[in-house]
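Subject: Structure handover and notes

Hello,

Here is the structure we talked about handing over. Please open it alongside this email.

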Amino acid sequence: MSHWRERLRRNRHRADADAAELLPVRAATEHRLLLSRVSRGESRLLRFPVDLEAAFKAYSREQAAPARITTTLITALLFLGAPLWSASMLGVPESTRTLTLWISVLALAPAFAIVTALIYLWPRNVMVENVFIAAFLLEAVAIEVLRHDAVLAGYRVTPVISVAVPVAALALARLSLLRSLVFVALYVVILVAGDRLATAAPWARTPTETLTIAILLSVALVSSAFAQHTRRQNWALLQLMRAGALVDFLTGLANRSAYEAHVERWTRLGRREGKPYTMAVVDLDYFKRINDRYGHQHGDGVLREVALTLEQFARRPGDLAARVGGEEFVLFLYGCDRDAAARRLERLRATIEALGLENVDSPHAVVTASIGAVTITRPEPVSASYEKADQALYQAKRAGRNRVVIHDPAQTPPN
C-alpha cells in the first residue's frame, strides 16, 4: 500500500512539474505574433500550431478538473442516494424502481466515483478525459434502459429528460469542440437506438420532443464552441504575459527568474529520484571588445547566435538554457553526471568557436566562450551550486579563456 501511495505522489509531482512548463518560453516567443492576434480576438483559430495546441489542451484539462470533479462527485452521490429518492418516484412500476436501485447503486455510483478519483489524480491525462465522457454516455444508456423498462410496464417517462445528461456535461466539463461533437454524436446514436426499440409503441418520442432535444443540443454545442474560443483568447494572453515575465526577448531563452524557478523545481525532483545535475555558467570571451568595435547591434546578433547554439544543448527533459545578464548564460543539465557534463560542455565550447563569429580583438579572432560548471550529487542550496560554477568559470578565465573547467570539490576556492 505504501508503495502504491508513493507512486501516486510521484505521478502528481510530475504532473505539477509539467503544468509549470505547459508552454516553453521559446515557443511563446516564436509564436508571439499569433498569440497576440488570438488574445485580441483578431484570429478565429480553431486550432493552434501543434506545440501550442498540445499545451493548450493540457492546460484546459487541468483548469477544468475542479468542475469535472464536482460534476462526477455530485453524480456519484446522487446515484448512491437512490434508495432515498427512489421512494418519490410515484406511479413508477415497482419493477422499474428496483432496477433503478440496482443500476444506480451498483453500476453508476461506483463508475462516477472511480472517474472522480482518476480526474483528481491525473487531471491532465487525455485518457482520463475519455473515461469522463464514457461515464456520461453510460449514464445516458442507463436512462434509456430504465425508460424502456418503465414503458414495458405501462408507464411513460418523458423522453426529453435524458437530454439533461449531455447538456450538463457540455456546460460544466469544458470539453474541446471536437470532443463535444463526438460526445453529442454518440449520445444521439444512443437515443436513436432507444427509439428504434420503441418504434411501434405510442410512447416513442414525438416530433416535438425530438425537436426540443435537437434545439437543446445545438444550443449546448454553440455555447461550448464560444466558451472554447474565449478560453483560447485567455490562454493566449496568459502565455504572452508569462513569456514577458520569464523570457529574455533578445535571445528567446529563459531569463534569470525562469531559470531559478526551473532549477528549484528540478533539483527537488533530483533529490527524490537520486539523480545528479550539472549547472554551467557560460561567459563569452572579450565581449566588450565586440561592442566597442562592431557596435551593440552586432553584439546583440552574436548573443542571439550563441543562444541558438545553447538551446541545442538543452533539449532533454529537465534541461534549460538561460541568459542571466550581459554576455553570461547558464545551462542546467538534469540527470547529467560529471563525465557526461565534461563531454557535453566541451562540445558546446567547440561549437561556439566553430560558429566563426568574427572578433578580431580576441587572440582566436572569433567569438569563444569560457565555461565553469559543477556537478551536484548531494542536496545543497541552489545558490551554493551557482557559486561553485562561478568559481570554476573564474578559473577558466584565469587559465586563458576558451576552455571548460569542472569544479573540483577537493579544490580550495580562489581568494
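Below are my notes, grouped by topic.

This is a predicted model, in which local features need pLDDT of at least 70, side-chain atom pairs count only at pLDDT 80 or more, and totals for chains, interfaces and linings use all residues. Residues are numbered from 1 along each chain as its sequence is written, and side-chain values use heavy atoms, with hydrogens and water left out.

Annotated segments

The UniProt record, an unreviewed entry, carries the annotation "transmembrane region" for residues 67–87, 99–121, 128–146, 152–173, 180–198 and 210–227. UniProt positions are in the numbering used here, feature names are shortened, and annotations may be inferred rather than shown by experiment. I looked at two of these segments. Residues 99–121 are 100% helix and 0% strand, with the end C-alpha atoms 32 Å apart. Residues 128–146 are also 100% helix and 0% strand, and there the end C-alpha atoms are 27 Å apart. Helices (H or I, at least four residues) and strands (E, at least two) are DSSP runs, numbered from the N terminus.

Aromatic pairs

Rings of Phe, Tyr and Trp (its six-membered ring) pair if their centres lie within 6.5 Å; planes under 30 degrees apart are stacked, over 60 edge-to-face, and the rest tilted. The count by this rule is eight aromatic pairs. One is Phe48 with Phe56, edge-to-face at 5.7 Å centre to centre and 70° between the planes. Phe48 is buried at 5% relative accessibility. Phe56 is buried too, at 3%. For these labels, buried means under 20% relative accessible area, exposed over 50%, and partly exposed in between (1.4 Å probe, protein chains only).

Phe112 and Phe136 make another pair: their centres are 5.1 Å apart and their planes at 75°, so this one is edge-to-face. The pair links distant parts of the chain, with Phe112 in helix H6 (residues 94–121) and Phe136 in helix H7 (residues 126–152), 24 residues apart. Phe112 is buried, at 0% relative accessible area. Phe136 is buried at 3%. Ring pairs also link Phe79, Phe112, Phe132 and Phe136 into a cluster.

Charges over rings

A charge sits over a ring if NZ of Lys or CZ of Arg is within 6 Å of the ring centre and within 35 degrees of the ring normal. Arg68 lies over the face of Phe132, 5.7 Å from the ring centre. Arg401 lies over the face of Tyr286, at 4.6 Å from the ring centre.

Tyr286 sits in the loop between strand S1 (277–284) and H12. Tyr286 is buried, with a relative accessible area of 18%.

Ala365 also has a positive phi, near 65°, in a residue other than glycine. Ala365 is in the loop between helix H14 (338–354) and strand S4 (369–376). At 38% relative accessibility, Ala365 is partly exposed.

Salt bridges

Side chains of opposite charge can pair when their charged atoms come close. A salt bridge here is a side-chain nitrogen of Lys or Arg within 4 Å of a carboxyl oxygen of Asp or Glu. That rule gives 20 salt bridges.

- Glu42 bridges to Arg40, with the closest N and O atoms 2.9 Å apart. Glu42 is partly exposed at 47%, and Arg40 is partly exposed at 47%.
- Lys275 bridges to Glu273, with the closest N and O atoms 4.0 Å apart. Lys275 is partly exposed at 41%, and Glu273 is partly exposed at 22%.
- Asp292 bridges to Lys288, with the closest N and O atoms 3.0 Å apart. The two are four residues apart in helix H12 (residues 287–294), so about one helical turn separates them. Both Asp292 and Lys288 are exposed.

Salt bridges that share partners join Arg61, Arg68, Glu129 and Arg179 into one network.

Surface patch

Leu73, Leu77 and Leu80 form a nonpolar patch on the surface, with about 290 Å² of accessible area together. Patches take residues with over 30% relative accessible area and no salt bridge, joining like charges within 9 Å and nonpolar side chains (Val, Leu, Ile, Met, Phe, Trp, Tyr) within 5 Å. Accessible areas come from the Shrake-Rupley method with a 1.4 Å probe; for residues, only the protein chains shown count as cover. Leu77 lies in helix H4 (residues 50–80). Leu77 counts as exposed, at 51% relative accessibility.

Best wishes
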